[in-house]
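The following note sets out points for a colleague who will work with this model. Please read each point alongside the coordinates.

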Amino acid sequence: MQGRDLLLIVSVMAIWGFNFSMIKLGVTGMDPLLIAAARFACATFPIIFFIRRPKVPWRYLMGYGLLFGTGIWGMASCAITFGLSSGMASVLLQLDVLTTVLVGVLLYKEIISPRMWLGMGMALVGLVVSILYTNGNVTPAGVAFILISAICWPLAGVMVRQSGTRSPFAFNIWGMLFAPLPLIGLSVLFNGVEVLEITYRQWNAEAWLSVLFQAYPTTLFGYWVWNKMLLKYPMSQMAPLTLLVSVFALASGYLIYGERLSAAQWLSCSAFLLGVGLVLYRGPLPGAARAVKQQKAVS
């Protein structure tokens, strides 16, 4: 990977990590579903007028908007609202790697290798320990919402794959067109129509900062760079870099909000991310190639 491209990708990982603190900034005093709706409204307009609609059936765009907007980020915002710290939200959202593997097995008959089984086991043990040894930064409701988010992540990928689109960035923009209304509808369903007036009256500079950061650096710039790099480098080389998101999210959560992990959570989060890394990594393990050469030499 070229040094300039690597620097660009790491910068996006830093933005995506910092984004969890920006989500927390917005949902601290506002309805999380309406904050997410505002994010996707800003990310869609006015850029959608300059991006040609991808040649796919509308049902795929609508399904993607529902899964990506409400399922992933609407639920992630709710997870933080219901007590999950911004740093732990970023770590536990890595569960999407495990749910992606399961979706691949169920829908595409993919095979789970022994290394992937090992990684999934390590990740699940780390997850359980981080929940059991919480210092208040993990709540049952927060875990439930982030689990929904992690389940919706591979389903959104299935929607993109089934559409057959060759323009992933345009697909993302047009799909987000259908994200705000379901989020607003859920907010009204749970809180009543008065939530719209309350949010309008309470909207402040922090809400704008949260929404605009989520919409432009995170969504538009971040996914533009990511999709561009996916066309240039293999997924097996790109995917492990996403683990940096959790590192940056934990750092920003500590610096901005003073979020801390317990000693047990430091170990469990390390085990969790290492397990996820084993699932993502597709190359030979360190020393494996040498062992194979030695075996051939002996034989």
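**Notes on the predicted model**

1. Helix 7 covers residues 140-163, and its 24 residues should span 34 Å at 1.5 Å a residue; the end C-alpha atoms are 35 Å apart, which agrees. The model is a predicted one, and the values in this note are to be read accordingly.

2. The buried residues of helix 7 are Gly142, Val143, Ile146, Ser149, Ala150, Cys152, Pro154, Ala156, Val158, Met159 and Ser163. The elements that cover these buried residues include helix 3, helix 4 (86-92), helix 5 (95-108), helix 6 (114-132) and helix 8 (168-176). Helix 7 is followed by glycine 164, which has a positive phi, near 75°. Most residues other than glycine have a negative phi.

3. How many disulfides are there? The count comes to 0. Cysteine 78 is in no disulfide, and the nearest cysteine sulfur, that of cysteine 152, is 12 Å away. Cysteine 78 is buried, at a relative accessible area of 5%. Cysteine 152 likewise counts as buried, at 11% relative accessibility.

4. A search of the whole structure gives 3 salt bridges. In one of them, lysine 232 pairs with aspartate 5, the closest N and O atoms being 2.7 Å apart. Because lysine 232 lies in helix 11 (residues 205-232) and aspartate 5 in helix 1 (residues 3-27), the pair ties together parts that are 227 residues apart in sequence.

5. Glutamate 259 is buried, with a relative accessible area of 14%.

6. A further salt bridge joins the side chains of glutamate 197 and arginine 201, at 3.8 Å from N to O. Both residues lie in helix 10 (residues 194-202), 4 residues apart, about one turn of the helix. Residues three or four places apart in an α-helix point the same way, because the helix has 3.6 residues a turn. Glutamate 197 and arginine 201 are both exposed.

7. Is arginine 39 buried or exposed? Arginine 39 is buried yet has no salt bridge. The nearest side chain of opposite charge, aspartate 96, is 13 Å away. Arginine 39 is found in helix 2. Leaving aside residues up to four places away in sequence, arginine 39 touches Asn19, Trp73, Val211, Gln214, Ala215, Thr218 and Thr219.

8. The peptide bond from phenylalanine 45 to proline 46 is cis, with omega near 5°. Most peptide bonds are trans. Proline 46 is found in the loop between helix 2 (32-44) and helix 3 (58-81).

9. As for annotation, an unreviewed UniProt entry lists residues 6-131 and 142-280 under "domain: EamA". In the model, residues 6-131 are 78% helix and 0% strand. The end C-alpha atoms of that span lie 33 Å apart.

Note on methods: Residues are numbered from 1 along each chain as its sequence is written. This is a predicted model: local features need pLDDT of at least 70, side-chain atom pairs count only at pLDDT 80 or more; totals for chains, interfaces and linings use all residues. Side-chain values use heavy atoms; hydrogens and water are left out. A disulfide is a pair of cysteine sulfur atoms within 2.5 Å. Buried means under 20% relative accessible area, exposed over 50%, partly exposed in between (1.4 Å probe, protein chains only). Helices (H or I, at least four residues) and strands (E, at least two) are DSSP runs, numbered from the N terminus. Lys and Arg count as positive and Asp and Glu as negative; His and the chain ends are not counted. A salt bridge is a side-chain nitrogen of Lys or Arg within 4 Å of a carboxyl oxygen of Asp or Glu. Contact means heavy atoms within 4.5 Å. UniProt positions are given in the numbering used here, feature names are shortened, and annotations may be inferred rather than shown by experiment. The expected span of a helix is 1.5 Å times one less than its number of residues.
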